[in-house]
Amino acid sequence: MAMLNEFTTPLYNQLIAEFEKSGADTSGDILDIRKNAFELFKAKGFPTTKEEDWKFTSLKPFLNDDYSFNAADLDADSLNTVIAQSLVPDLDAYYLVVLNGVIQPELSVLPAKDQVTLQSLHNNEAVAFNGFKNIGDNAMVALNTAFFKGGYYLEVSKNTVLDKPVQIINIYTAKENILFQPRNVVVVNQHAQAELIETTVVLKESALLFVNSVSQLIVKENAQLKQYKVQNNDTNNRIVSYNHINQERSSRYDNFTFCLPGAELIRNNLEVTLNGSATETHLLGLYLVGDHQLTDNHTLIHHKFPNCDSNEIYKGVLLKNGKAVFNGKVFVEREAQKTNAFQQNNNLLLSNNATVFAKPQLEIYADDVKCSHGCTVGQFDPESLFYLRSRGISEESSRKLLVEAFMFDVTEKIEHDALKEYVQSLIYAKMENSFLSVV
Amino acid sequence: MLSIKNLHANIEGKEILKGINLEVNAGEVHAIMGPNGSGKSSLASVLAGRENYEVTEGEVWLDGKNVLDMKPEERAREGVFLAFQYPVEIPGVSNINFLRTALSEIRTHRNLPALSAKEFLKLTKEKQQLVEFEAKLANRSLNQGFSGGEKKRNEVFQLAMLDPKLSILDETDSGLDIDALRIVSNGINKLRSADNAFVLITHYQRLLEYIVPDFVHVLYNGQIVRSGTKELALELEEKGYDWLKELHDNESINK
């Protein structure tokens, strides 16, 4: 059992004890699923850098702390204040409040009940796993499956076109180090259209927060889903997320992921399975990585049927001792003829100490496809910088303009001006003082 | 207005400017001519503050202020404008946003009130008309999709917007056809006043038929080897640069 040493971290041992104590609480269909998932996690342990998918991202430094599994309480007044502060300014939107993984319908403003069904996932575990039986051998997903509590199940009714986006406000509270494992399911039924904007607030007293979240989304025939994810975290946050999307025939899915400087660890897995022909998929990402932070985006687009289009643009800006990983896999099966798959990843290093690992990965088994990928790593163009400065624009503002320009391919595609404004203001607030010359 | 004294500058350890002396007064237009590699564009770059040049000796003063102590943006705010020989395309930076930022920083420095959006647009329109620059600027990235001629005209338009004291035009005429040259020249002539000055860097006498200079200087091997009036440009056109090169190499002319 020598290999056990690799992952028998304090947290691993704690989790084993916790499951044995309370994990078997649930009953019914879910019990076996949880047990199996737990056994898988127990056998595999936390991922290590020996695994190809985790080669550049070591979880080890983040597993040595003790974590609690229970959230802190929050009084109603504070909660209302937090909600008010979390809304995207000037955006006309519905909103769903989720406190420590538990939905708060009475504090939310939601579309009419015939348009959207909202339930706690806790009571609908069988629903939750319907169509997601095959979770593969991902240890972090298995861990979530074994332990998740609460979570939401959100279903958009057939033919419903939501008139406004839905902002999902995730609020976490912690008084001590805490591990959260939220689980969510979104179903957009035939011919329906919806937009989700996910934001997160963490209220804590200098405690560590580890979030291991799993989301499963189904976009049914001719349906459209746009998902915006704003990851605006604090230093003490460690985020591992797994987002799986199933797209059915003629559906469209757009994902925007904004990783702002803050969390010491962000690891996103975004996987899209194209389970029908004539689908359209857009994955757009921005990652801004601050000092001693690690942001890792793993994406996978799985083309299984003919005539599907996928388009991916991920752009990274790295500061100081920041480290980023981009791994973009596009898998085109033999049956998936007439596939158009484009991928682009650009990185702007604002410091000599920043590091980026970029790995475009195209696996193509069909012979009549258009697929391409491009990847760049660079610094500011000195000529552009001089041009702006020669017009009276300060060095700092010039750098800011050039960073804005670099991100433009992604930001221009945000449809709501208020949301665009919000994301950009967060970026600039977080990057304040980062535009000065770094030697 | 501009006073250059014994200016020496290196790039990558190689001496390019070897003692330039030049006085430019308000209201004047100076042309600087010279063969390729004589240091014309280097002089423009050093005056604007391009960072890969190292000034090893000499002084540059603009209305009593030490230009060499200033960052490029400070020079611009004090009224130095360089029209680039090769204007840069910057995808993602909008023309309008760029101009607004530049103008607002310059106006702040000059203690002028900020322009409202309406005033800014009005000014943009006026100056576009003045320099006959019809290109659509809204929703377009800086210089992106502009032809070579449009880029040069955009430089003159920016000059009109920012209203500098001293404009240095680095081969603004190169790559322009005769119509574009006339338009650019007309624009510059309209911008000339008793309060500003122009330094035209050019390889050809052609430009000087449209913008008549008060003085012509010939730069060769990092030094001004001859200065005169517009007739000097005609003489050069006739005799070519070899004539001056020979004179200089034989006699080592010093001003």
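This note goes through the predicted model point by point.

1. Conventions. Residues are numbered from 1 along each chain as its sequence is written, while chains are lettered from A and ligands numbered from 1 in the order in which they are written. Because the model is predicted, local features need pLDDT of at least 70 and side-chain atom pairs count only at pLDDT 80 or more, whereas totals for chains, interfaces and linings use all residues.

2. Chain A overall. Chain A holds 8 helices and 20 strands (DSSP runs, H or I of at least four residues for helices and E of at least two for strands, numbered from the N terminus). Its C-alpha trace spans about 70 × 50 × 50 Å along the principal axes.

3. Burial and contacts. In chain A, 48% of the 439 residues count as buried (20 or more other C-beta atoms within 10 Å of the residue's own, with C-beta atoms placed from the backbone). Of the chain A contacts between residues at least 6 apart in sequence, 84% join residues at least 24 apart (a contact is two C-beta atoms, placed from the backbone, within 7 Å).

4. The sheet. In chain A, 10 strands form an open sheet of mixed pairing, in the order β2-β1-β5-β8-β10-β12-β14-β16-β18-β20 (strands pair if DSSP finds at least two bridges between them). β2 (102-103) and β20 (370-378) of chain A are at the edges with a single partner strand each, so one side of each lacks a neighbour in the sheet. β1 (residues 94-99) of chain A pairs with β2(A) in the antiparallel sense over 2 bridges; A:I103 in β2(A) is the bridge partner of A:V98.

5. The core. A:V98 is also among the residues that touch the most other members of the largest nonpolar core, which has 183 residues (buried Ala, Val, Leu, Ile, Met, Phe, Trp, Tyr and Cys joined through C-beta atoms within 7 Å). B:L47 and B:I168 are also among them. Leaving aside neighbours within four places in sequence, B:L47 is in contact with B:V60, B:V67, B:V80 and B:I168.

6. The interface. Chain A gives 17 residues to the contact and chain B gives 21 residues. On the side of chain A, α6 (382-389) and α7 (395-411) are the elements that give two or more residues, and α7(A) has the largest share, 7 residues.

Note on methods. Buried ≥ 20, exposed ≤ 12 C-beta atoms within 10 Å, placed from the backbone.
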